[in-house]
Amino acid sequence: MSPADQLTVARAASVPLVVLLYAWPFHDHDYWATAAFCVAMATDWFDGRLARRHGRTSPLGSLLDPIADKVLVLAVLVMLVGERIVPAWMVAAIVLREVLISGLRQAAIKRGVVLAARDLGKLKTWAQALAAALGGFAAAGAWGESVAWWSLLVAVVLTWVSGLDYARTAPALLRGRQTAA
């Protein structure tokens with residue numbers, strides 16, 4: 001397993017710790033949970049940089065990287081719903097898009113086509129991560145909940161715009177042709 005893959009696995013493995021820190025009500029737990037989340041998400045940037053620097057992308061990393069990102073971000077957003085920092089409908093809208101696009105990716109893979117991450121999809125991931133971090137700091141009392149609400153609204157819009165971008169390529173993919181990214 002390459003160092004980049006190890007960072008991806010570490011990011012995925014951090015999810016229970018981050019959730020535990022949000023759930024365990026000790027003094028400043030939201031700060032600690034959000035800091036752990038931010039450190040874990042930073043590994044996404046580092047693992048990509050390592051993989052490109054060494055020219056060592058792997059099928060394992062390509063599969064696990066987006067899953068680790070989604071699981072980590074969604075876990076934090078769910079915890080923030082539980083703390084009444086962000087509305088459940090926004091998180092549900094994000095989850096719905098992620099499930100639909102994952103289904104599209106699976107259908108494409110069955111036809112031998114890999115649906116690579118698009119730039120808008122990467123922007124969506126970072127918008128969600130930023131919204132989760134801002135929401136975490138709002139839960140900790142660093143600022144008002146409106147910061148979390150508005151940043152998550154931006155993430156929801158980008159999430160669905162990105163999903164529609166993927167969906168527009170679906171007919172060609174499902175016919176088995178690869179489209180330009």
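These are my notebook entries on a predicted model of one protein chain.

**Entry 1, ground rules and confidence.** I am working from a predicted model, in which local features need pLDDT of at least 70 and side-chain atom pairs count only at pLDDT 80 or more, while totals for chains, interfaces and linings use all residues. I number residues from 1 along each chain as its sequence is written, and side-chain values use heavy atoms, with hydrogens and water left out. I looked up pLDDT (the predictor's confidence in each residue, from 0 to 100) and found that the protein chain averages 88, with 92% of the residues at 70 or above. Confidence is highest in helix α2 (residues 15–23), at a mean of 97, and lowest in helix α8 (residues 170–174), at 69; helices here are DSSP runs of H or I with at least four residues, numbered from the N terminus.

I asked which residues of α2 are buried (under 20% relative accessible area, with exposed over 50% and partly exposed in between, for a 1.4 Å probe and protein chains only), and the list is V15, V18, L21 and Y22. They lie on the same side of α2, because they cover an arc of only 135° around the axis, where the arc is that of the directions from the helix axis to the C-beta atoms.

I find seven salt bridges in the structure, each being a side-chain nitrogen of Lys or Arg within 4 Å of a carboxyl oxygen of Asp or Glu. One of them joins R11 and D44, at 3.4 Å from N to O; R11 belongs to helix α1 (residues 3–13) and D44 to helix α3 (residues 29–53), so this pair ties together parts that are 33 residues apart in sequence. R11 is buried at 1% relative accessibility, and D44 is buried as well, at 10%. R11 also meets D65 in a salt bridge, at 2.4 Å from N to O, which links helix α1 to helix α4 (residues 59–82) across 54 residues. D65 has a relative accessible area of 19% and counts as buried. Through shared partners, salt bridges join R11, D44, D65 and D69 into one network.

I next looked up the nonpolar cores, which are sets of buried Ala, Val, Leu, Ile, Met, Phe, Trp, Tyr and Cys residues joined through side-chain atoms within 4.5 Å. The largest has 34 residues, and F37, L77 and L152 have the most contacts inside it. Its largest share, eight residues, comes from α4. With neighbours within four places in sequence left aside, L152 is in contact (heavy atoms within 4.5 Å) with L77, V86, M90, V91, I94 and A131. A second, separate core has five residues, among them I101, L104, Y166 and A170.

**Entry 5, aromatic pairs.** My search gives five aromatic pairs, defined by rings of Phe, Tyr and Trp (its six-membered ring) with centres within 6.5 Å, and called stacked when the planes are under 30 degrees apart, edge-to-face when over 60 and tilted for the rest. W24 and F26 are edge-to-face, because their planes stand at 70°, with the ring centres 5.1 Å apart. Y31 and F137 form a tilted pair, 6.1 Å centre to centre with 50° between the planes. Y31 lies in helix α3 and F137 in helix α6, so the pair ties together parts that are 106 residues apart in sequence. Y31, F137 and W143 form one aromatic cluster.

Terms used: Helices (H or I, at least four residues) and strands (E, at least two) are DSSP runs, numbered from the N terminus.
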